[in-house]
2 protein chains.
Amino acid sequence: MKKIKIALLGLGNVGQGVWQILNTNKKQITLNCGYEIEVSKILVQNIEKPRTIEIPKELLTTRIEDILVDDEIKIVIELMGGSNPAMQYMLKAMKCKKHVITANKLVLATQGEELFRTSEEEGVSFYYEASVGGGIPIIREINESLTANKIEQLVGIINGTTNYILTKMTHEGMDFNEALRGAQEMGFAEADPTSDIEGYDAAYKLAIMASLSFGTKIELNCIYREGIRNIKAIDIDYADKFGYVIKLLAIGKNTKDNLELRVHPTMIPKNHPLANVNDSFNAIFIKGNAVGDLMLYGRGAGALPTGSAVVGDLISILRNNTDLSALTSVKNGSSQKKVQTAEENTSGYYVRLNVQDKPGVLGEIATIFGRYDVSILTVTQEVKSEDNVPLVFITHEAQEGNMNKSLKDIQGLSHVNGVENIIRIENFS
Amino acid sequence: MKKIKIALLGLGNVGQGVWQILNTNKKQITLNCGYEIEVSKILVQNIEKPRTIEIPKELLTTRIEDILVDDEIKIVIELMGGSNPAMQYMLKAMKCKKHVITANKLVLATQGEELFRTSEEEGVSFYYEASVGGGIPIIREINESLTANKIEQLVGIINGTTNYILTKMTHEGMDFNEALRGAQEMGFAEADPTSDIEGYDAAYKLAIMASLSFGTKIELNCIYREGIRNIKAIDIDYADKFGYVIKLLAIGKNTKDNLELRVHPTMIPKNHPLANVNDSFNAIFIKGNAVGDLMLYGRGAGALPTGSAVVGDLISILRNNTDLSALTSVKNGSSQKKVQTAEENTSGYYVRLNVQDKPGVLGEIATIFGRYDVSILTVTQEVKSEDNVPLVFITHEAQEGNMNKSLKDIQGLSHVNGVENIIRIENFS
């Protein structure tokens, strides 16, 4: 197996996530990219700082030069954040003929053009999926999947902190300050929350998405921006009354002559898919002139989701250097697992019986379920003036074979007229 | 500009969609792939058949040989559907060193392995994004974006016909047969709806997604399958009562030792993102061990959405043959549009005023809105025992400059204490 050496710049939350993914999913990643990946150096500010994950100390360095001069390092992953020195280090890495991956929305939104130009001049790859929407593959979507479309609209919930706060205000009646404190305690908001609360973070991400979607370089100061500090409980109540919910949206519209770009709190109809994007989740709604309405939903932040996007970029770069097609793992039959029989499957069940309304019938049925390890969550019997009534059970997760055996016995009971329907329940646990 | 010749096999719904996209978005597609694309032959059964779109008759042929022997045709797009001759034609095209794109779920689910193997042996590309989820880029997601993940779960609403029927039964209280007839009248269901209603269509798509996600070849008969014919209004009512909705789900779980694969009507919690996927929309929910929960939502069928996926594949194949990076259009500044000022933007508005409860105040405000072309949708005034009361307007779409002028005048009214909040409304029109 071929080997490739890479370096990380920064070992914060996302850096540690990338390290963890490269280790946990090592076997599959190697199969997917055709290389064994070795993190050979990591740039940090302080080597002695205690970290939650165990990383060999000899990999850590405080000198960018150690990475730049090492010709064996082919790919540099920038996860420091902030404007400088991140920008300078990426440019230098490209000039040393290293491919670059970044999660840095600020640098992309403000100095992206220079990075694109330099990567082209130096003939290296430059990937940045993690810069918008964390684990949501929105960049690849725009740059590769939707290339047949004229993209007409982008509407995103792309800041998890403000979405968490607005969700708490809407569902739990908190006021803004209380919800902000909660977000800070949960680690969703920074001590200085200005960038999130005032919409700067969303504006950076909108600038990146809009420039790629609409083929136009976007200056940040052309984006209208308004934060959520002014949203009051009374506004949320009125929104509800009129059939809306309030979300901080980043909106990009490709009108006939112009672009319309804005970030502000917005009322949207309750039945729109974006209205149900809650807590710290992100989603991006796209309208293309061929594909119609499309939405991507997922974790917009966090070590592992963001790391998923970074390592996905890494695999893409390595694949471009090999003859591997996307289907390696299937063709190799890498994990030829057995498909379970229906009897072996498990799920919750809704069971609707028709029974004669006689004493003891419920007890008889419950006893049979118990015999086969089927545990009952709720049971409901309609009070009707008829003899034959519906009796409905909801069960916990049970094995389908056991459910089938129970039903066979239940059908034999003298007061049971029939099993009228069985529907499986998925609780996404 | 370089030119490339391609051929279509089939000119039904999707074929005509592809033709339309290649024409409507010609300029952008050329820019995105670096080639001018020419459809030089189209295989049809009947050249004289009337068609809704205008296509030069000299492009049509009934003989596959005309396409196979034409060395100038580099890419063949199979949109005939069905097992044969589609499969045979694709194999032959590959053996003539042509790249192949297909939307054919049946062939992929049953004979995909032979297509993958042949494309590799012949050194040609084989793309099939449109085979699952229409315009939703689920194949690229699995094959390229999520490569850093162990995919643990796939849960999809991947059949539009059954989702339309279940939505009508749930929201409008229709029974199954009535909803099915409606779907047939709307063109969402075929005259013989068996493949959709009984879950075969969903099972083909699950087989494709699961084999790619779990690296295991899936035999169709290993997938447990159950249709929606047996769902009654009473079951939908009980589901609602217990906090569930009923959806036809395709479920794939990558358990420790086995795979669990099934298609059946399922109750899911109302607050799960999949619960709000209605009508003929599709969505696929994915759980990866790094990315966490992710969902893709969009049009699972239709000429243009499916065509969007097909033409996206075409552009990908052409890009692989060029040095173009994904960012061509941005770098070219292809459409350097002006970003509108906030004053030029339009949206609906929620305006909350604090006013003195005096006769005439509403009329004065409405007159001002009218003067600046701001049209009022609703107005609400709380009846309170206080002098100062909230007065809330919802407006139709208006230009922000006009709204600002209105508010300036309104603030000057003697009975208006203040403009307490303005929130924009997005109706996704």
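Reply: Two residues are in contact if their C-beta atoms, placed from the backbone, lie within 7 Å. The model discussed here is a predicted one.

Me: With that cut-off, how many residues of chain A are in contact with chain B?

Reply: The contact criterion is a C-beta distance within 7 Å. On chain B, 102 residues take part in these contacts. The number for chain A is 102.

Me: Which element of chain A gives the most residues to the side that touches chain B?

Reply: The side of chain A that touches chain B comprises 49 nonpolar, 35 polar and 18 charged residues. The element that gives the most to this side supplies 11 residues and covers residues 258-269. This element is strand S10 of chain A.

Me: Which residue of chain B is the bridge partner of Asn258(A)?

Reply: Strand S10(A) is joined by two bridges to strand S13 of chain B, residues 338-339, and the strands run parallel. The partner of Asn258(A) lies in S13(B). That partner is Lys338(B).

Me: What kind of axis relates the two copies?

Reply: Chain A is superposed on chain B by a rotation of 180° with 0.0 Å of shift along the axis, and the RMSD is 0.0 Å. The two copies are therefore related as by a two-fold rotation axis.

Me: Which residue of chain A comes closest to the rotation axis?

Reply: The distance is taken at the C-alpha atom. The closest approach among the residues of chain A is 2.4 Å. The residue is Leu296(A).

Me: What percentage of the contact residues of chain A recur in chain B?

Reply: The same surface serves both copies. The share of contact residues of chain A that recur in chain B is 100%.

Me: Where in chain A is the pLDDT below 50?

Reply: Chain A averages a pLDDT of 92, and 96% of the residues score at least 70. One stretch falls below 50, although it has 19 contacts in the model beyond near neighbours in sequence. Where pLDDT is low, the predicted coordinates should not be read in detail. The stretch concerned is residues 323-332.

Notes
Residues numbered from 1 in each chain as written. Chains lettered and ligands numbered in written order. Predicted model: local features only at pLDDT ≥ 70, side-chain atom pairs only at ≥ 80, totals over all residues. Helix = DSSP H or I, 4+ residues; strand = E, 2+ residues; numbered from the N terminus. Nonpolar A, V, L, I, M, F, W, Y, C, P; charged D, E, K, R; others polar. Pairing = 2+ DSSP bridges. Least-squares fit on C-alpha atoms with pLDDT ≥ 70 in both. pLDDT = per-residue confidence, 0-100.
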